Amino acid sequence: MEISFQTVMSQVMLGLNNGVFYAILSLGLAVIFGLLNIVNFAHGALYMLGAYVALLGYTKLGVLIGMPDFHLNYWAALIVAPLVVGAIGIVIEKTMLSRLYKFDHLYGLLLTFGLALIIQGVFTNYFNVSGDPYEAKPEILNGAVNLGFMMFPKYRLWAIAVSLVVCFGTWFVIERTKLGSYLRAGTENPELVKAFGVNVPLMITLTYGYGVALAAFAGVLAAPIYSVSPVMGAEMIIVVFAVVVIGGMGSIMGSIVTGLLLGMVEGFTKVVYAPASSTVIFLIMVIVLLVKPAGLFGRES
Amino acid sequence: MNKTVWIVLIILGLLAPFIVYPIFMMKLLCFALFACAFNLLLGYTGLLSFGHAAFFGGASYITGHLVKVSGLTPELGVLGGTLFAALLGYVVGSLAIRRQGIYFAMVTLALAQIVYFVALKAPFTGGEDGLQGIPRGNLFGLIDLNQTFTVGTSPLPLNLYYFVFIMFCLGFWMIHRAINSPFGQVLKAIRENEPRAVSLGYNVDRFKLMAFVISAALSGMAGSLKSLVFQLASLTDVSWHSSGEVVLMTLLGGVGTVLGPLAGAFTVVTLQSELSSVGSWITVIIGVTFVVCVLLFRRGFVGELGRLLKKSL
């Protein structure tokens, strides 16, 4: 089989586009896990919710508030959806998750699994499982750019760029600022940080809110690329879990890099042997478990 | 637990097909066995697997294929499915025990997803439709499992029912034996304090793996039986929804109790058939049950009852 450089590069670039979503989602999981010790199973559902906030804001919101001409545009959705979902996250943390910290960490996983089922179930009832298109893609992001070796859709390039900015921005805040140092200290020893007068419970709440807001942000970015469907999150979360196992949740940079790399590997697999592309990440996980059980960036316990 | 409880339960099991709809009862037995097998791992070893559907559903495909295409008798089909699940359990277990706690759950979930993709894409699984029209066949080539006996006005598939019931009792007894043996004591020690079990000289990984394989095999047996009862092996049974359901059954009934998984399976299966009219709202109801259960009664029905009676049930 003849595989041209162009084909490989275009699939790898499309893969990188998936990779940035993996990166944002696994980054959010890692941030939440660091402070709350909970694996947020609802992450995929909240990513889906973000996409729906954008979709419904565009199609239904105007009618709902009695102004049929009003449509929430794409740029506004990029801000509004993370805020809405972040607020929902804060409510979830305050009312439910915060009651579970003193018990086994597995209960957090089970609770968020239940929440994922609820959110996904509600949307499955009202929306088509095969998905609805999001048609509010801004004019300026239509068309393609010549990258030299290929023509690449402008929108995907934008999605990659803005995701990278958000990922590395988050990394910078956590690893290089004073606020981040509180967060890292809270991850290491919450009791001690409390003793220094830092409001740890508030920090935990905001961290969860920020983590799920990231998921919603990824959801809005994904909306114009894929169709918006109730199951988009469920498909995503399992892959992201594998990404997290491969990278290890101990390191912020680790989860970003792993997400990007695995997206590209997935794209590459599409060229080489397409049927394996949906499982290649899981197979890599198997290899990593055999070779380096703690994950590529994980610390041996 | 005392003898009378067991005798009452066995008599109830024997009389059940005359009282409730036999297919419902068999479905219940399959899921109850599945939940009991799962509980061996979660309740007695402290390992949360989020991929048990791979064994349950995977075995149902194997049994379906053996019986339908290869023309084997049902007991060999079930045996084949069970062995397959044990083997798969060995592979998945060996990989998953390399990570602890929450990672263990994620690894099992991801590995089960591979099985799901195979079931979706492989040429012998029927893709989206699954394997349909699996024949029940003749047990040992002698007893026709399709035969019905008319009691009153309704024809009852008693041969099939008692086959499923006997297999359930066998599986349940094996789990019961495992829990109450020195082997089970070690599992409990690992659950309570793994480093201490290691320092006492136990090869913890080997015990975990053995528990995993037994649990996988019996989950597979449950799936194999289900494929004979419904004459169908479907994608639903290998999907992560099923993995979640068995977690819910165990949690709802009571993690680490003998009767809990039975009560949990009964509740969930009844909910599903009673509420089948609400369509996909059932997912929401299952989700709400999860949340309520985790927040309000983490011990489950049987666990809370046991606490009230100050007895281990």
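In this predicted model, 36 residues of chain B are in contact with 44 residues of chain A, where contact means that heavy atoms lie within 4.5 Å. Local features are described where pLDDT is at least 70, side-chain atom pairs count only at pLDDT 80 or more, and totals for chains, interfaces and linings use all residues. Residues are numbered from 1 along each chain as its sequence is written, chains are lettered from A in the order in which they are written, and side-chain values use heavy atoms, with hydrogens and water left out.

The size of an interface is often given as the accessible area lost when the parts come together. Between chain B and chain A the buried area, which is the accessible area (1.4 Å probe) that the two parts lose on being put together, summed over both, is about 3700 Å², and carbon and sulfur atoms give 82% of that area. Across this interface the rule finds 0 salt bridges, a salt bridge being a side-chain nitrogen of Lys or Arg within 4 Å of a carboxyl oxygen of Asp or Glu. On the side of chain B that touches chain A, the elements giving two or more residues are α5 (101–121), α11 (240–253) and α13 (281–296) of chain B, the helices here being DSSP runs (H or I, at least four residues) numbered from the N terminus. Of these, α5(B) gives the most, with 13 residues, and the residues of this side of chain B divide into 24 nonpolar, 8 polar and 4 charged.

Although B:Ala54 and B:Ala112 are 58 residues apart in sequence, their C-alpha atoms are 5.1 Å apart in space. Not counting residues up to four places away in sequence, B:Ala54 also touches B:Leu88, B:Val115 and B:Val238, among others.

The structure holds 6 salt bridges over all chains. In one of them the side chains of B:Glu194 and B:Lys208 meet at 3.1 Å, N to O; because B:Glu194 lies in helix α8 (residues 194–199) of chain B and B:Lys208 in helix α9 (residues 204–230) of chain B, this pair ties together parts that are 14 residues apart in sequence. B:Glu194 is partly exposed at 22% relative accessibility, whereas B:Lys208 is buried at 2%. In chain A, the side chains of A:Glu191 and A:Lys194 meet in a salt bridge at 3.9 Å, N to O, and the two residues, 3 residues apart in helix α8 (residues 190–195) of chain A, are separated by about one helical turn. Here A:Glu191 is exposed at 54% relative accessibility, while A:Lys194 is partly exposed at 40%.

Conventions. Ala, Val, Leu, Ile, Met, Phe, Trp, Tyr, Cys and Pro count as nonpolar, Asp, Glu, Lys and Arg as charged, and the others, Gly among them, as polar. Buried means under 20% relative accessible area, exposed over 50%, partly exposed in between (1.4 Å probe, protein chains only).
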